[in-house]
Amino acid sequence: MQSCSKQKQSTVNFFFIYQTQDTSALQEVVSSNHRLLRQYLDDRLSTYISAKAINDSSSLDSLTNELSWLCNSYQNITHCTDKTNRLQIYKQWSSENATTKEYLDSVFVAIHSRYKNISGSIRIQQRNIYLEQLRQLFNNYQNINDTYQSASVLFYLGRAFYDAGQADSSLYYFNQCRIICQRIDHVDVLGDCELWLAYVYNLHYADYLKAQQAILLAEQLFKKTGKDDYLVYTRLQRLHILRNLYQTDRVIDNLHTFLHDSTFQENKHVLAYCQYFLGEAYYDQGLLDSATYYTNLSYNIRSSLAMQNPGLLSDIGYSKSLMGLIAQAQSDTLRAEKQYTTADSIFHLASDIKGTCMNYLRESSLLLGKGEYTKVRHQYQFVLDNSGQFEDSILALYGLAMVNYLQGEVQSAISLLQSCITKLETTRYKLPIPEMKTGMLSDKVGFFHLLASIYFEKSLLSHDTALLDSAFQVLEQSKSWSLNDNLQVTSSDMHSTNEVNIIEQISTIDQMLITNKKDSSELLVTRNRLRDSLDAIRISQVVIRNGVFADYTPPRLGEISKNLIRTGTLVLEYLISDIGCYVIAISTDTTAVIPLPVDCSQLNRKIRCFINNINHYPSVRDTAQTWRRLGQQLYMDVLPPKQLHIERYEQLLIVPSGILYTLPFATLIDSNNSFLIETHEISYIPSLTTLAILKSRDTVRDNDNSNEVVVFGDPVFSDQSISSLPYTKREVDVIKEIYGDEKVHSFIDSNATLENFESYDYRHVRYLHLATHGYTDNYRPDRSAVLFSQFDDSSQQLLLSAPRIASLTIPVNLVFLSSCQSGAGKLYPGEGVLSLAQPFLVAGANAVLATSWNVDDRSSVDFVRYFYQYFKDGNSKAASLAHAQQKLITSRYSHPYYWGSYVLIGTTDY
């Protein structure tokens with residue numbers, strides 16, 4: 001009753017202002033209630049049509065004047081011209097056409113209401129009748145020149161085909177609708193059309209760029225026409241795209257914001273969907289308790305809603321299916337089976353084909369482990385035949401490939417996997433924005449791993465070098481997509497001024513979040529909006545950038561030995577997966593593939609325990625030296641001595657995979673009880689494709705003849721919660737002592753500011769040394785940062801975030817990040833560890849020397865001295881690193897805690 005009285009009062013206000021012709025007052029009222037004016041316009045237009053039909057000339061003149069004024073007012077308020085254009089069409093109609101239109105409109109309303117209100121199998125049976133009726137309506141509207149209703153019919157044709165899973169037909173009709181709406185400025189239908197185009201591009205074609213472009217247009221149109229409630233669906237659809245791109249941290253942040261938004265809380269159906277979505281996102285991150293909590297909340301609301309509206313029965317099935325997935329991850333097989341079976345029954349009752357497909361995909365992985373291949377094959381084939389959605393179809397193809405592989409149908413498995421990878425590569429090429437590719441491989445890297453494993457097995461049996469090269473190519477394809485794309489362009493090509501400004505604003509908010517300066521919920525809302533704005537800018541500029549990114553392919557095995565490595569270097573490229581563990585050993589004179597004598601789960605447990613025992617020293621002393629025993633075991637596991645013969649080589653170049661990204665190879669212990677770093681130089685590269693790009697980029701540098709070193713250290717912090725770093729001043733002094741004051745430009749104490757760092761011209765700098773704090777966020781890698789001096793003014797910038805680093809130009813030979821955990825970060829399958837090293841490589845650095853865990857201040861001074869002394873004498877970066885680590889081993893800092901943290905990522909030369 002209250003809302004009804006408010007609407008009546010608003011109507012009274014409108015008519016009073018209308019009669020006084022007070023346009024400014026009218027605009028003020030209508031700006032808060034666009035729908036009221038639009039509805040009144042529609043009513044007056046219907047009256048006009050009736051008067052036209054009966055040839056009531058006395059009413060036509062006054063109605064024409066009234067409509068003209070209303071249309072002009074509406075245009076001024078909403079900046080839309082569709083009503084004015086429609087009026088012109090009505091004026092040209094004959095009485096016969098006006099009567100026909102009234103009849104067609106009534107038919108349109110009747111058939112759509114009937115189709116909308118039926119569900120399940122009856123809806124499916126009636127779909128073809130509904131489609132044919134819409135086609136007839138479209139032709140009839142065309143005959144009377146009613147372009148507006150023609151566009152509306154095209155829109156509903158697109159929706160009906162979308163419901164039927166016929167994406168090509170759906171896309172055709174939506175595009176036809178878009179063309180007409182753009183021509184006549186029919187913004188009401190155009191906004192809906194853009195939103196549904198986003199659904200089609202996202203779910204069926206995996207064209208995430210076009211989907212986001214459509215969402216941006218839909219948002220603009222909904223804001224213009226006052227359809228604020230529709231903005232909810234654009235926001236949710238954007239999150240669907242982010243989840244498909246595996247940017248789960250952003251999805252979770254936004255969903256928590258939505259749960260506190262009154263717009264979402266008022267709509268119980270949408271609220272339950274947000275909770276379900278949160279359950280999925282937390283499951284993606286492996287946070288099963290949180291996933292269970294939000295899935296149960298969603299299920300409770302959906303159960304209540306379904307009792308009132310049986311048409312919402314499918315929603316319960318989705319929640320049950322997710323409960324099954326979570327139970328499966330918790331190794332509760334019986335509960336998982338029960339939940340899947342219940343979900344399947346609900347989807348069958350509701351005739352929900354899409355829900356059935358999703359449930360089959362989830363259940364099949366459980367059945368596959370039990371060896372029920374026949375049932376699994378049926379389920380995957382059902383998905384391929386019925387879903388039509390990209391994510392579903394590509395996972396079903398992979399599932400069938402796995403079944404074929406397990407049943408010995410190897411060639412069929414290869415064909416299916418090649419199809420999977422082709423589809424995925426096609427999707428990647430549709431995203432010329434590298435940041436969107438981070439995490440794309442997280443749930444699909446298994447496609448590449450299975451195919452590479454098959455090629456490895458076949459090459460071992462046949463000694464076919466072509467198969468080995470194929471395995472290598474597939475393995476390289478599965479690594480470092482976003483990094484390799486970013487490395488191909490300069491920061492000036494990648495980032496516009498607007499982007500940099502937004503990145504700086506986000507960095508300021510991150511600083512407040514880290515130092516607890518303001519309410520975090522309010523800051524997160526602002527941060528999410530800024531990231532959406534950043535996406536919008538990048539999407540709008542994609543046409544400009546589309547030609548910037550050069551296509552790259554992995555190098556062939558023969559090219560590596562000739563062009564990328566020198567004599568005495570052994571490349572060890574790993575494949576670590578549930579399917580198999582292998583290493584490809586590549587040198588200038590030989591190439592071989594070697595199966596590792598350990599499975600993935602064993603390796604994971606050993607490495608985690610090994611690292612935990614090392615980096616908690618000296619706070620927790622391991623008197624039994626468990627780390628030494630594990631170091632010896634891991635040496636045998638990942639460097640099998642009888643096959644690799646690494647003693648022949650001076651340098652090892654590690655190309656990690658999976659958990660090996662976190663393993664410090666330098667700390668492994670051989671049969672002589674020596675650390676690996678005592679006998680070899682060790683460096684890392686995310687992929688050999690990355691190395692090839694770095695080396696090609698290195699040929700155009702102009703700083704090779706310069707020995708200038710820039711050092712930032714001994715920062716000061718007004719925030720007492722940030723500890724001081726007194727030993728970093730000694731690092732600066734050591735570097736000055738080695739290179740001489742004239743070659744070192746140092747910024748210490750109050751001069752070690754972010755402003756000084758960003759304003760410096762690094763084009764003629766050879767080495768950059770940062771002796772300050774590092775901040776690593778394992779859940780949100782874009783919030784990882786380097787800390788600079790902050791004093792007096794609390795608004796002074798403190799953080800240099802990872803995205804901000806990547807936007808700079810720092811073409812130096814080496815960046816030495818002498819800060820804690822600068823090489824640590826979130827491990828993304830297919831990308832590696834997203835640490836502070838990658839953005840410095842993107843900014844132009846040849847290599848980054850970083851740390852995997854917290855470093856000891858005192859030992860780091862000695863390390864810096866040993867490293868730069870050896871480096872200045874003309875030795876390579878890798879050799880200088882090995883020298884410094886060897887020196888610490890023979891000192892009081894012999895425990896690997898002090899020196900094992902340092903890793904060199906990038907090129908290893910001088």
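## What counts as a cavity

On a 1 Å grid over the protein atoms alone, a cavity is a set of points where a 1.4 Å probe fits but cannot get out, and its lining residues are those with an atom within 4 Å of a point. Grid points are joined across faces, edges and corners, and a volume is the space filled by probe spheres set on the points.

This is a predicted model, in which local features need pLDDT of at least 70 and side-chain atom pairs count only at pLDDT 80 or more, while totals for chains, interfaces and linings use all residues. Residues are numbered from 1 along each chain as its sequence is written, and side-chain values use heavy atoms, with hydrogens and water left out.

## The largest cavity

The model holds 5 cavities of 30 Å³ or more, and the largest of them contains about 760 Å³ of space. Its lining is made up of 37 residues, with Glu 435, Thr 438, Asp 782, Pro 803 and Leu 834 lying nearest the centre.

Two or more lining residues come from each of α13 (248–259), α25 (481–487), α27 (497–515), α28 (520–540), α37 (802–806) and α38 (837–843), where helices are DSSP runs (H or I, at least four residues) numbered from the N terminus. The largest share, 5 residues, belongs to α28. By class, the lining has 17 nonpolar, 10 polar and 10 charged residues, with Ala, Val, Leu, Ile, Met, Phe, Trp, Tyr, Cys and Pro counted as nonpolar, Asp, Glu, Lys and Arg as charged, and the others, Gly among them, as polar.

## The second largest cavity

The second largest cavity holds about 70 Å³ of space, and the residues that line it include Leu 725, His 773, Cys 820 and Asp 857. The helices α35 (727–739) and α39 (857–872) each give two or more residues to this lining, which divides into 4 nonpolar, 6 polar and 2 charged residues.

How values were computed. 1 Å grid on protein atoms, 1.4 Å probe; cavity = no way out; pocket = protein on both sides within 12 Å on 5 of 7 lines; lining within 4 Å.
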